Amino acid sequence: MSLVLGVCAVNTAFVAVGYALLGRPRWSWSWAGLALLVGAGAVGTALFLAVIAGLHATLWTAAGAAVLLAAGGLAAGRRFPSNRLSLASPPLDPVAAGAFGLVAGICAVGVVGGFRSSPWLDDAWGIWLPKGLALWHHGLDERLFAPNGEFVVFGVPDYPLWWSIVTSLDVQAVGSTDVRVMCAQLALLTVAFVAAVARLLWGHVRPAVLAGALLLLVLSPELWRHVQGGIADLPVAIYLATGVLCGALWLRTRATFHLVLAGTCAAVALQIKTEALPEVVALVAVGALFARRLALAGVSLLLALPWLAWRSAHDVPGRAELDFSRAERLPDALRATAEHLFDPTEWTVLAAAAIVLALLARRPAALLVPASLYAVVLVAYWIDRDEIGYLVSTSAYRVIDTVVLAAAVLVPLLAEALLEQREPLREDRALVGEP
């Protein structure tokens, strides 16, 4: 099967599972992006658990997991029908429509670029995909993850395996070891993220604000550079940011759908990279400050236990050392990450816009979300055992993905809050005849 057909076949299955889990009220094309994120997250996580249980990460195992998940989603939907969110469709003016068209066009180009690119980051084809191929052919063999003197073990063996498993499924569907599947898969997940943000915020944010915020995101050169790098940091950021958005929407709607989706996205992020564990803990803690019920998303942390237990049982070493005596590393880490975070030639002005809008809208507490993620990044540099100069030069540009995308999903909400505050002021001035 060709690259395009193979990757599209796998992702079509992900979308089908996602629709089954989202429930019948959301069976329309506008939910396809969120369906892809949910389906890929659920199937990849289920297959990860199956691998820990002793199965191989094959297409047949994935198909079985997909059928069970879809059947469970459909059965749960019939027994516990989800209520359709009654949101009026906002008017779409020509400027907003044109902006949405531009967003869609950029995303289309990004997908084409993803399918035509080979990953430039050596971790992609040196660590992540080889792990997936090993899980396909040999299953989860502890001799490839723990030093034993018999085999050469993988680099960063403590990293979870979701990204390796998903890209391995793409390779199997294509029928050859084509590393372009990594960029293609990332491109589809990234476009799905953009579409999911648009759909989730539709009716909560006026179209012009939403289109402008999405333009800031898709016009960021670093976003598509990371897509073409095949890096695992981007899917972690996509799922964490979607969870942040759903948590913020739950504060507005109190809809169970948003709360469950926030926990689901956090659970998937935990299966991708080790850093996601402290990041989810930080987000749950911040969420509990806004509303204690948001702490329920912390149930997702239970899904980190199977991998942690397997690592402990087989003496798989980790990279982090709980040594807080090396505070001199922090200035270098802060300087390197801030340069990438606020460089307009990388992420336009997403981080700066979130800060300014939060202050103008008198919502400074919203900045606790990206700030908590940023603090986790700095602590990771603080306690890492590698030389700090080498570490920041090879990773500072990508470990901030979670911070940037979390800020990106908050920008439209903060802009809408600012506009809502200014509208009553205009009405009051009109009543007294002021210009």
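Analyst: Let's start with R335 and D332, whose side chains make a salt bridge with the closest N and O atoms 2.4 Å apart. That term covers a side-chain nitrogen of Lys or Arg within 4 Å of a carboxyl oxygen of Asp or Glu. Before we go on, this is a predicted model, where local features need pLDDT of at least 70 and side-chain atom pairs count only at pLDDT 80 or more, while totals for chains, interfaces and linings use all residues. Residues are numbered from 1 along each chain as its sequence is written, and side-chain values use heavy atoms, leaving out hydrogens and water.

Back to our pair: R335 and D332 both sit in helix α14 (residues 330–341), 3 residues apart, or about one turn of the helix. Helices here are DSSP runs (H or I, at least four residues), numbered from the N terminus. An α-helix has 3.6 residues a turn, so residues three or four places apart point the same way. How covered are they? We call a residue buried under 20% relative accessible area, exposed over 50% and partly exposed in between (1.4 Å probe, protein chains only). R335 is partly exposed at 46%, and D332 is partly exposed too, at 29%.

The K273 and D233 side chains meet at 3.0 Å, N to O, in a salt bridge. K273 lies in the loop between α11 (256–270) and α12, and D233 is in helix α10 (residues 233–253), so this pair ties together parts that are 40 residues apart in sequence. K273 and D233 are both buried, with D233 at 8% relative accessibility. D233 also has a salt bridge with R398, and there the closest N and O atoms are 3.1 Å apart. Because R398 belongs to helix α18 (residues 388–399) and D233 to helix α10, that link ties together parts 165 residues apart in sequence. R398 counts as buried as well, at 10%.

Among the buried residues of α5 are W128, L129 and K131, and their cover includes α2, α6 (162–174) and α7 (180–201). After α5 comes G139, with a positive phi near 75 degrees.

One of those covering helices, α2 (residues 32–52), is itself mostly covered, with 17 of its 21 residues buried. From first C-alpha to last, α2 reaches 30 Å, close to the 30 Å expected. G54 follows α2, and its phi is positive, near 120 degrees.

Conventions: Helices (H or I, at least four residues) and strands (E, at least two) are DSSP runs, numbered from the N terminus. The expected span of a helix is 1.5 Å times one less than its number of residues. Contact means heavy atoms within 4.5 Å.
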